[in-house]
Each structure stands twice: as structure tokens, then as C-alpha cells.
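This report describes the fold, the packing and a few individual residues of one protein chain. The sequence and the structure are shown first.

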Amino acid sequence: MNHDAIRAFVTASRGGARLIGIDLGTKTIGLALSDLGRQIATPLETIRRVKFTPDAQRLATLCRQHAVGGLVVGLPLNMDGSEGPRVQSTRAFVRNLAPILPLPHVFFDERLSTAVVTRALIEADASRARRGELVDKLAAAYILQGCLDVMRHLADRDADADPLTD
């Protein structure tokens with residue numbers, strides 16, 4: 001995980017603004033929203049993918065509605081950490097999104113996010129149909145929460161290392 005990229009993202013994203021987490025799939029886009037204090041991620045919505053422009057416009061509308069200051073985008077790395085075609089597709093989506101939605105973004109490792117969420121839904125005895133409804137936005141919340149936790153950890157660590165606070 002690139003801590004420098006996360007620190008740069010924190011600096012670039014508007015402080016006090018919400019962040020949106022994105023789990024980009026081939027058929028759906030799961031979305032989650034942080035609170036204003038950037039402590040808690042909450043599932044927001046699942047967009048059924050149609051084509052790039054309407055998908056991007058829906059995302060931009062939600063970002064405006066919720067005064068979002070930055071995007072946390074799940075990066076679907078292979079289990080060995082290498083980048084495959086899905087990573088290239090995700091990076092291309094974000095690159096194409098930039099003119100429509102000019103917000104800072106950070107990529108965050110999403111390995112196993114869907115598996116973890118699916119397992120939790122199975123353990124909660126959710127039906128297959130219910131799991132299908134929830135899994136993408138819950139995976140987005142899992143990704144966003146992971147990034148929020150890292151951001152908080154880095155802020156705490158940086159504060160502990162600051163000699164002016166001693």
C-alpha cells in the first residue's frame with residue numbers, strides 16, 4: 001500500500017468533505033459514502049452499468065448531492081499483487097472520469113473485498129437475491145472503510161512523530 005499516495009490524496013481532497021468509495025465491476029458500480037469526519041463508511045448505492053457516459057453522470061450527480069471531496073477507487077489487483085486487465089480497465093475508467101468529475105482520487109487495494117462481504121452476508125443468512133442487491137455497495141463500503149482506517153492511522157502516526165506536539 002502506497003502511504004505517500006494516501007497522504008497526497010488527503011492533502012488534495014477537501015478537508016471536511018465526504019469521500020466516496022467505488023467498487024467498479026463489469027456490470028455494476030458499488031458506491032459508499034464517508035461521514036464528514038471521515039471515520040465511517042456507509043453503503044450508498046449500486047449503479048447498474050449501461051455505458052460510460054450515463055454511469056459517469058450518475059456518479060457525478062451523487063458526488064454533487066453529497067458534497068464529495070474525493071474518490072477512493074478499489075483497485076482489483078491479482079492475489080500476488082500484480083496488475084491485470086481489470087486494473088487497466090479501472091485506471092482507464094478513472095482517467096476518462098476526470099473531465100466529468102474533476103475530484104482527487106486514490107486507488108485502494110480491493111483484494112478479497114467481495115469475498116469478505118459475501119461471506120458476512122451468507123453468515124447473516126441473506127438470500128442469494130438479497131446478497132446480489134447488497135454485495136457491490138457493501139464491498140465499496142469495505143474498501144472505503146479500509147482507506148479511512150489507513151488515513152486515520154497515518155494521521156495518528158504523523159502526529160506522534162511531530163516534534164512540535166511534544
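How many helices and how many strands does the protein have? The model, which is predicted, contains five helices and five strands. Read from the N terminus, these elements follow the order α-β-β-β-α-β-α-β-α-α. The radius of gyration is 16 Å, close to the 15 Å given by the globule rule for 166 residues, so the protein is as compact as a globular protein of that length. The C-alpha trace spans about 55 × 40 × 35 Å along its principal axes.

**Packing and surface**

Of the 166 residues, 40% count as buried. Among contacts with a separation of 6 or more, 66% are made by residues 24 or more positions apart. The charged side chains comprise 21 positive and 19 negative ones, with the centres of the two sets 9 Å apart.

**The nonpolar cores**

The largest nonpolar core holds 20 residues, and the members that touch the most others are Ile20, Ile22, Leu31, Leu59, Cys63, Leu71 and Leu101. At least two residues of this core come from each of strand 1 (18–24), strand 2 (28–34), helix 2 (52–65), strand 4 (68–75) and helix 3 (85–97). Helix 2 provides the largest share, five residues. Apart from this core lies another, made of 17 residues, including Ala141, Leu144, Val150 and Leu154.

Leaving aside residues up to four places away in sequence, Cys63 touches Ile20, Val68, Leu71, Leu101 and Leu103.

Leu33 lies in strand 2. Not counting residues up to four places away in sequence, Leu33 is in contact with Arg18, Leu19, Ile20, Ile40, Ala41, Thr42, Leu44, His66, Val68 and Leu144. The C-alpha atoms of Leu33 and Gln145 are separated by 9.4 Å, although the two residues are 112 residues apart along the chain.

Thr46 belongs to strand 3. With residues up to four places away in sequence again left out, the contacts of Thr46 are Thr28, Ile29, Gly30, Glu133, Asp136 and Lys137.

**Loop residues with positive phi**

Which residue in the loop between strand 2 and strand 3 (41–48) deserves attention? That loop contains Arg38, whose phi is near 55°, a positive value in a residue other than glycine. Ala67, in the loop between helix 2 and strand 4, also has a positive phi, near 50°, and is likewise a residue other than glycine.

| Residue | Relative accessible area | Class |
|---|---|---|
| Leu33 | 8% | buried |
| Arg38 | 10% | buried |
| Thr46 | 18% | buried |
| Ala67 | 40% | partly exposed |

Why does Thr46 count as buried? Its relative accessibility is 18%, and the class covers values under 20%.

Methods: Residues numbered from 1 in each chain as written. Predicted model: local features only at pLDDT ≥ 70, side-chain atom pairs only at ≥ 80, totals over all residues. Heavy atoms only, no water. Core = buried A, V, L, I, M, F, W, Y, C linked by side-chain atoms within 4.5 Å. Buried < 20%, exposed > 50% of the residue type's maximum accessible area, 1.4 Å probe, protein only. Helix = DSSP H or I, 4+ residues; strand = E, 2+ residues; numbered from the N terminus. Contact = heavy atoms within 4.5 Å. Rg over C-alpha atoms; globule rule 2.2 N^0.38 Å. Lys, Arg positive; Asp, Glu negative; His and termini not counted. Charge placed at Lys NZ, Arg CZ, Asp CG, Glu CD.
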